[in-house]
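Please keep the sequence and the model in view while reading.

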Amino acid sequence: MAGSLFECIGALSIGPFVSSSIAGKELHTEVFDDGPALFSLVMLASLLGAGSTTLLATLYGYPISATHGVISGIIAVALCTGKSGVLDFDGIALVVAGWVASPVVGLLAGMLVSACVHFMVIAAPNPQDAARARQPVLLIATSAISFLFILLKGPPALSDWIDSRYWLALLLALAGGLVVTAAMHAASRAQERVVVKPESTQNTGAQFDEPPSGILLTAGPKSDQANPDTGAVRTADVVPTVGRVPMQFDELQRPFVPLLVVAGLTVSLAHGANDVGNAVGPLSVIIDVKKYGFVDSSPEVPFLAVMGGAAGFVTGILLIGSRTISTVASKIAVLKPHRSFATQIGAAVAVLGSSVAGLPVSTSHCLVGSLIGVSFAEQLCGIEDAKPDLTMLKKIVIGWVVTIPAAAAAAAAVY
């Protein structure tokens, strides 16, 4: 649910400003000046073709790129129109470069982040103490990436003010990361001071009343941690359970859990902002042609269209998103909190860096590439259980390749 919310926030707050040029990168739109209705048909057919192939791949659990499907559909249908000089080969070359770069940039970013985590925490003389000590630094960096997305890819009022002063964006993002980290630290300290009282001061047994949240708190194995006068036990001294099943984290992985939550929400924000244009861009063309009667390569993006795209994101995630989530989470490599954190941050760094460089990349491809990079990095560091499932990886890559002609064929068939 939290991921869906941040997908929606990214789509609504940043998506409108990255959605308007998806058609102008591959086509010479002026070719359709004498036939704007035909241009609308090109956009509609590409949406239907990409939508059908993406839905099919999702049902089978393959994390493919809807972006690739939309763009290949636009190119295929544009060729079907028979218009001379319709393709912009420079723009197409940039798009193809983005297709190739997405997993590669993700892999390199994942390896870099994983290496940092390894040398900061895993390879430290006392990894458990290092994980607790380095958690604030990692949290600042993670939060700062979210702020960088908003500053560099958000509303023009912000991005125009930043202009090319990336140093200013970095300083502001770090300041935001410090604020978030301080707030989370204060909340954590406040939670640790909460006292759970037993039903009777005469009873210092292991189990206490269930709090309103529905999470049962049971005491650890040593009852001497309780206050000898009141029998109270701090929440930090008890083992949390959901229902009656204890949640076991070793002390090395525990500090990465809140980091992983923030990292996951950061990638959700980036994905919503970056990928809502796949649907909203072509849809905006159709609405613009209907409203004004001519073709604009960078049409106005109606906010209602963006809201529709955001609603589609949330609906898809809640209904069938678990299929691809399961593939990335458990079928490619064995994930632990520190690996999941490195994977998410690697993907976020890859998407943000590529966006700043003007390279159109796929968030899902960056995420899979980052996961492979994390696995490779840990293997190089001598960790045996980090080896990825090459059979599953092969199936995913085949799915990526097949998506492009399949979406093009489906769009052409619709046309």
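**A guided reading of the model**

Ser143 has its place in helix 5; helices here are DSSP runs of H or I with at least four residues, strands are runs of E with at least two, and both are numbered from the N terminus. The model is a predicted one, in which local features need pLDDT of at least 70, side-chain atom pairs count only at pLDDT 80 or more, and totals for chains, interfaces and linings use all residues. Residues are numbered from 1 along each chain as its sequence is written, and side-chain values use heavy atoms, with hydrogens and water left out.

Ser143 counts as buried because its relative accessibility is 3%, the term buried meaning under 20% relative accessible area, exposed over 50%, and partly exposed in between (1.4 Å probe, protein chains only). Leaving aside residues up to four places away in sequence, Ser143 touches Gly177, Val180 and Val262; a contact means heavy atoms within 4.5 Å.

The largest one has 37 residues, and Phe149, Phe256 and Phe341 touch the most other members. At least two residues of this core come from each of helix 4 (89-122), helix 5 (127-153), helix 7 (166-192), helix 8 (256-275), helix 11 (337-356) and helix 12 (363-380). Helix 5 provides the largest share, nine residues. In soluble globular proteins, nonpolar side chains tend to be buried together.

The aromatic rings can be read next. Rings of Phe, Tyr and Trp (its six-membered ring) pair if their centres lie within 6.5 Å; planes under 30 degrees apart count as stacked, over 60 as edge-to-face and the rest as tilted. The count by this rule is three aromatic pairs. One of them joins Phe256 and Phe341 in a tilted arrangement, with 6.0 Å from centre to centre and 50 degrees between the planes. This pair links distant parts of the chain, since Phe256 lies in helix 8 and Phe341 in helix 11, 85 residues apart. Phe256 is buried because its relative accessible area is 1%, and Phe341 is likewise buried, at 2%. Tyr292 and Phe294 form a tilted pair because their ring centres are 6.1 Å apart and their planes stand at 40 degrees. Here Tyr292 is partly exposed at 40% relative accessibility, and Phe294 is partly exposed at 44%.

How many disulfides does the structure hold? The number is zero, a disulfide being a pair of cysteine sulfur atoms within 2.5 Å. Cys80 is partly exposed, with a relative accessible area of 41%, and Cys116 is partly exposed at 39%.

For the chain as a whole, 13 helices and five strands are present. Of its 415 residues, 47% are buried. Among contacts with a separation of 6 or more, 78% join residues 24 or more positions apart. The mean pLDDT, the predictor's confidence in each residue from 0 to 100, is 76 for the chain, and 80% of the residues reach 70 or more. Residues 195-249 have pLDDT below 50, and this stretch has 64 contacts in the model beyond near neighbours in sequence.

Methods: A nonpolar core is a set of buried Ala, Val, Leu, Ile, Met, Phe, Trp, Tyr and Cys residues joined through side-chain atoms within 4.5 Å.
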